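Here are my notes for a colleague opening this model for the first time. Please read them with the structure on screen.

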Amino acid sequence: MTNVTVVADDVELDAPTLVEGLPGLGLVGKIATDHLVEEFDMTYYAGIDCDGIPQIAVYQGGDRELLPPVRLYADEERDLVALRSDVPVSSDAAPEFASCVTSWIESNDATPLFLSGLPHQKQPDEVPSLYGVATGDAGTLLDDHDIGAPDETGAVSGPTGALLHHAGKEELDAVGLVVQSDPQFPDPEAARILIEKGIGPLADVEVNTDDLVERAEDIREQKEQLAQRMQQAESEESSQAQPLRMFH
């Protein structure tokens with residue numbers, strides 16, 4: 001089953017940039033995407049109902065409206081779309097999920113930015129490194145913004161890996177951003193690097209991340225429960241980048 005139901009018919013998009021925020025290592029993609037949605041007050045644009053997404057309803061504090069667990073938010077002015085997910089996607093259904101999302105990407109001529117964390121125990125005051133990979137001709141975007149290539153051989157697993165694989169199979173222009181992240185806890189600092197050095201330049205948007213840094217401890221506490229659920233899930237369900245030697 002593949003279905004993207006638009007609920008904001010008045011929002012018009014023109015070859016938008018899609019930022020993917022599935023839960024994964026360090027929750028870096030989710031933290032970054034949630035921040036974009038809140039910082040730009042993005043509009044709830046569409047619900048996603050694909051194979052692999054748990055059939056649950058989500059509600060938010062102070063609001064009676066029930067929402068699907070995976071949603072698209074849009075900013076018409078910035079031509080920006082954020083894929084916001086409150087649940088992990090089943091590893092068994094990752095190919096079907098990737099096909100579902102890719103269909104929307106193709107039909108809307110969107111350029112996707114897929115986000116992953118790379119396990120790294122950083123030292124005090126160490127700034128996480130950001131790397132970029134690409135399919136199609138999107139490598140030129142990385143070159144234009146001086147986003148370096150990974151310094152070792154690796155692989156992106158989980159649903160995000162399936163999305164990148166599907167983009168390559170369909171010969172789409174897609175970017176994968178990989179940031180060094182805490183392997184055990186939510187990592188707002190890595191999410192900040194994703195936004196400032198990756199998402200912002202590639203999507204041509206200016207994003208204030210001061211609040212993200214100042215509220216780092218609160219964010220860690222808020223995301224801790226989801227992070228624990230991700231650790232309990234099979235590793236394939238948690239999108240992350242890994243050195244290829246970890247698969248041997």
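1. The protein has seven helices and 10 strands. Helices (H or I, at least four residues) and strands (E, at least two) are DSSP runs, numbered from the N terminus.

2. A word on the basis. This is a predicted model, in which local features need pLDDT of at least 70, side-chain atom pairs count only at pLDDT 80 or more, and totals for chains, interfaces and linings use all residues. Residues are numbered from 1 along each chain as its sequence is written, and side-chain values use heavy atoms, with hydrogens and water left out.

3. Now the overall picture. Of the 248 residues, 52% are buried. Buried means under 20% relative accessible area, exposed over 50%, and partly exposed in between (1.4 Å probe, protein chains only). The accessible surface comes to about 11,800 Å². Carbon and sulfur atoms hold 42% of that surface. These areas come from the Shrake-Rupley method with a 1.4 Å probe; for residues, only the protein chains shown count as cover.

4. Look next at strand 3 (43-48). Five of its six residues are buried. Strand 1 (residues 4-6) runs antiparallel to strand 3, with three bridges between them. V6 faces A46 across that pairing. Strand 4 (70-75) is also antiparallel to strand 3, over four bridges. There, G47 stands opposite R71. Two strands pair if DSSP finds at least two bridges between them.

5. Which cysteines does the disulfide join? C50 and C100 are the pair, with an S to S distance of 1.9 Å. The structure holds one disulfide, defined as a pair of cysteine sulfur atoms within 2.5 Å. C50 lies in the loop between strand 3 and strand 4, while C100 sits in helix 2 (residues 94-107).

6. The disulfide is left-handed, because the torsion about its S-S bond is about -50°. C50 is buried at 1% relative accessible area. C100 is buried too, at 3%.

7. Finally, check K30 in helix 1 (residues 28-39). Is K30 buried or exposed? K30 counts as buried, because its relative accessibility is 5%. Its side chain makes a polar contact of 3.2 Å with the side chain of D86. A polar contact is a pair of N or O atoms within 3.5 Å; within protein, one must be able to donate a hydrogen and the other to accept it, and residues adjacent in sequence count only if both atoms are side-chain atoms.
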